[in-house]
Amino acid sequence: MSNTKRVIYFDNNATTAVAPEVFEAMRPYLTELYGNPSSIHNFGGQVGFAVEKARAQVADLLGVRSVDSKGHHSEIIFTSCGTESDNAALFSAMYTCPKKNKFIVSKVEHPAILNVARELERRGCRIGYIPVDSHGRLDLQRLEEMIDEETALVSIMWANNEIGNIYPVEKIAAMAHKYGALFHTDAVQAVGKIPIDLDNSQIDMLSLSGHKLHAPKGVGVLYIRRGQRFRPFMIGGHQENGRRGGTENVAGIVAMGQAAAMAKADIGEENTRVRALRDRLEQGIAAVVPSIRINGDPDHRLPNTSSISFEFIEGESILMLLDQLGICASSGSACTTGSLEPSHVLRAMGLPYTAAHGTIRFSLSRYNTAEEVDFVIEHLPPIIARLRQISPYWDAKNSGR
Amino acid sequence: MWDYNKKVMEHFLNPRNVGEVENPDGTGEVGNITCGDALKLTFKLDKDGRIADVKFKTFGCASAIASSSVLTEIVKGMTLEEAAEVTNKDIVDVLGELPEEKMHCSVMGMEALQAAIADYRGEAVASEADEDHEGRIVCKCFGVTDTKIRRVALENNLRTVEEIKNFTKAGGACGCCLDEIQQILDGIWKGKEAVKEDPFAQLSVVQKVIKIQEVIDREIKPMLEKDGGSIEFVDFRDDKVQVRLQGRCAACPSAAVTLKHTVQAKLQELLSPVLTVENVK
């Protein structure tokens with residue numbers, strides 16, 4: 001684990017590298033431009049303008065064109081992370097819809113939604129969980145049956161972090177509105193990878209996170225459609241139009257803006273070059289490694305994500321051997337996190353245990369190269385073969401037991 | 001990221017004795033694919049009854065593979081009697097350390113070894129299925145019995161539910177059985193605690209007498225002397241401390257109260273709750 005070793009970073013759904021341009025954009029706000037955007041003097045005020053510029057950049061990425069009377073894109077609220085945005089969205093719905101106490105989420109949401117839903121349950125709300133099929137696709141019929149007049153909010157992720165499935169959030173938003181329910185989407189994995197046009201959508205609230213799109217950790221965004229009632233999660237000063245107290249993380253917000261501008265410019269690349277790299281990786285592995293499954297919905301999947309189950313071996317061992325070569329990936333297996341069960345997403349899909357424990361996620365970014373992909377295609381198969389040679393199940397399988 | 005030490009990494013990267021012994025004398029298989037780790041151990045004995053060859057196949061994480069590898073090195077050359085004494089602690093000792101959450105990997109090694117020995121001896125193989133007959137399944141997710149929880153808790157001196165989870169996986173999934181595990185732990189350690197944890201009980205009679213004399217001289221006598229009395233240590237047998245109250249105390253109508261609430265209470269507090277005191281004339 002030496003730092004000098006070459007690193008092939010295929011774990012971009014966990015976090016991403018801060019883009020050099022992003023770092024340069026935020027640097028002045030960590031050094032000379034340290035004013036408080038709320039101050040009356042120009043030294044602070046100029047920092048306030050930088051925050052508004054970043055807000056406009058994020059709005060542009062999300063397809064939010066309308067502005068308020070001050071000319072600000074006040075539908076965009078800066079937060080500290082995607083998790084805070086998710087918390088704010090769900091709790092706001094609970095407080096502003098006191099007559100409705102039902103919330104609907106999917107079984108494959110991120111813990112930032114699932115655990116908030118559990119907390120709402122403890123506070124007396126009812127939670128409906130939408131199941132998925134073996135490809136991780138939502139059971140929309142079940143969703144339709146579940147939504148009713150008592151539903152306060154439906155929250156479905158735009159794209160899944162583990163398997164990369166893209167969910168039909170527009171369609172679900174329309175279903176929610178039919179019953180007068182709000183719709184929120186955790187779009188942390190989707191933003192920057194698939195085009196988003198919120199002005200022409202029915203989505204009421206959307207969460208995103210800076211560090212998934214080459215901004216640093218510690219900044220997030222919550223979009224709240226104009227006219228939507230909202231109750232702050234972080235209560236404090238008048239910042240963000242009184243909707244999120246706390247002095248702005250100016251450097252992080254500026255970085256977020258720059259990252260959003262770059263994501264907007266590069267979104268085509270995500271869907272062409274990055275997609276091609278991902279496909280090359282997947283096909284290269286599938287061509288030489290037997291007994292694998294490629295997880296997720298082949299027709300609606302993020303262009304950068306590949307979830308592959310290597311049957312009869314265990315994910316942590318694979319990751320540790322990859323790590324020896326400087327290859328960073330992650331797994332849906334139990335052992336890596338200290339939990340004893342495979343991930344809730346793989347279990348919701350009903351993936352057999354023979355496969356679930358050996359599931360590896362590769363998630364690419366525009367900073368990856370074909371050469372890196374080829375390096376992995378070359379070095380991964382021997383690792384799989386070596387671990388299978390140690391595994392008692394591989395043996396049993398091949399002797400036909 | 002686990003912070004595995006060099007020894008664990010070395011055995012993970014270069015595992016010893018991988019494979020299966022041909023025509024083995026004993027075979028032990030534990031764990032299963034649902035649990036996320038499994039180990040198949042095979043061995044062959046030489047003509048003196050020592051383990052001449054031993055091999056493993058493991059499905060699991062780095063620490064499971066390292067634990068299996070180390071296990072084969074430990075038992076090679078042992079008689080079955082010696083091998084039967086090997087515990088998960090021996091595996092951890094050789095590895096130096098394992099992360100707490102990974103202790104169950106070393107337990108799996110021990111179980112596979114015991115299963116292989118039982119297989120050789122023609123005893124009921126101590127596989128998970130058979131353990132059901134020995135014990136009652138407590139953790140339904142991972143099929144862990146109360147017998148196993150008790151055995152591992154006693155062997156490794158485990159006191160908390162969290163430790164039981166790290167060593168056996170029990171309670172690590174749905175968590176429905178956590179209360180029951182706590183009850184099992186209470187059953188093991190309550191009662192034992194009092195006797196085991198009483199350092200006074202471990203002392204020789206002479207040391208006990210010295211301790212009692214010290215407490216009487218340093219703690220009790222000065223208290224009584226303030227009221228114009230005194231005390232003398234006479235004898236000690238069967239946890240009974242014989243003293244003689246003197247001076248004003250000897251004639252005091254509340255001597256019995258003094259004896260119980262001052263002398264006996266102080267000795268119990270500072271030395272051992274089993275001590276009683278009696279006044280001899």
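A polar contact is taken here as a pair of N or O atoms within 3.5 Å; within protein, one must be able to donate a hydrogen and the other to accept it, and residues adjacent in sequence count only if both atoms are side-chain atoms. The model is predicted, so local features need pLDDT of at least 70 and side-chain atom pairs count only at pLDDT 80 or more, whereas totals for chains, interfaces and linings use all residues. Residues are numbered from 1 along each chain as its sequence is written, chains are lettered from A and ligands numbered from 1 in the order in which they are written, and side-chain values use heavy atoms, with hydrogens and water left out.

Across the interface of chain B and chain A, 8 residue pairs are in polar contact, both residues being at pLDDT 80 or more. Elements of chain B that each supply at least two residues to the side touching chain A are α1 (6-13), β1 (26-32), β2 (37-45), β3 (51-59) and α2 (62-75). Helices (H or I, at least four residues) and strands (E, at least two) are DSSP runs, numbered from the N terminus. The largest share of this side, 4 residues, comes from β3(B). By residue class, the side of chain B that touches chain A holds 18 nonpolar, 9 polar and 7 charged residues. Ala, Val, Leu, Ile, Met, Phe, Trp, Tyr, Cys and Pro count as nonpolar, Asp, Glu, Lys and Arg as charged, and the others, Gly among them, as polar.

Contact (heavy atoms within 4.5 Å) involves 34 residues from chain B and 28 residues from chain A. The area buried between the two chains is about 2,500 Å², with 66% given by carbon and sulfur atoms. Buried area is the accessible area (1.4 Å probe) that two parts lose on being put together, summed over both. The interface has 1 salt bridge, defined as a side-chain nitrogen of Lys or Arg within 4 Å of a carboxyl oxygen of Asp or Glu. B:K102 pairs with A:E316 in a salt bridge, the closest N and O atoms lying 2.7 Å apart.

In chain B, the loop between β6 (229-237) and β7 (240-247) contains B:D238. Phi of B:D238 is positive, near 45°, in a residue other than glycine. B:D238 is exposed, at 73% relative accessibility. Exposed means over 50% relative accessible area, buried under 20%, and partly exposed in between (1.4 Å probe, protein chains only). B:D239 lies in the loop between β6 and β7 too. Its phi is also positive, about 65°. B:D239 is partly exposed, at 27%.

B:V243 belongs to strand β7 of chain B. B:V243 is buried, at 0% relative accessibility.
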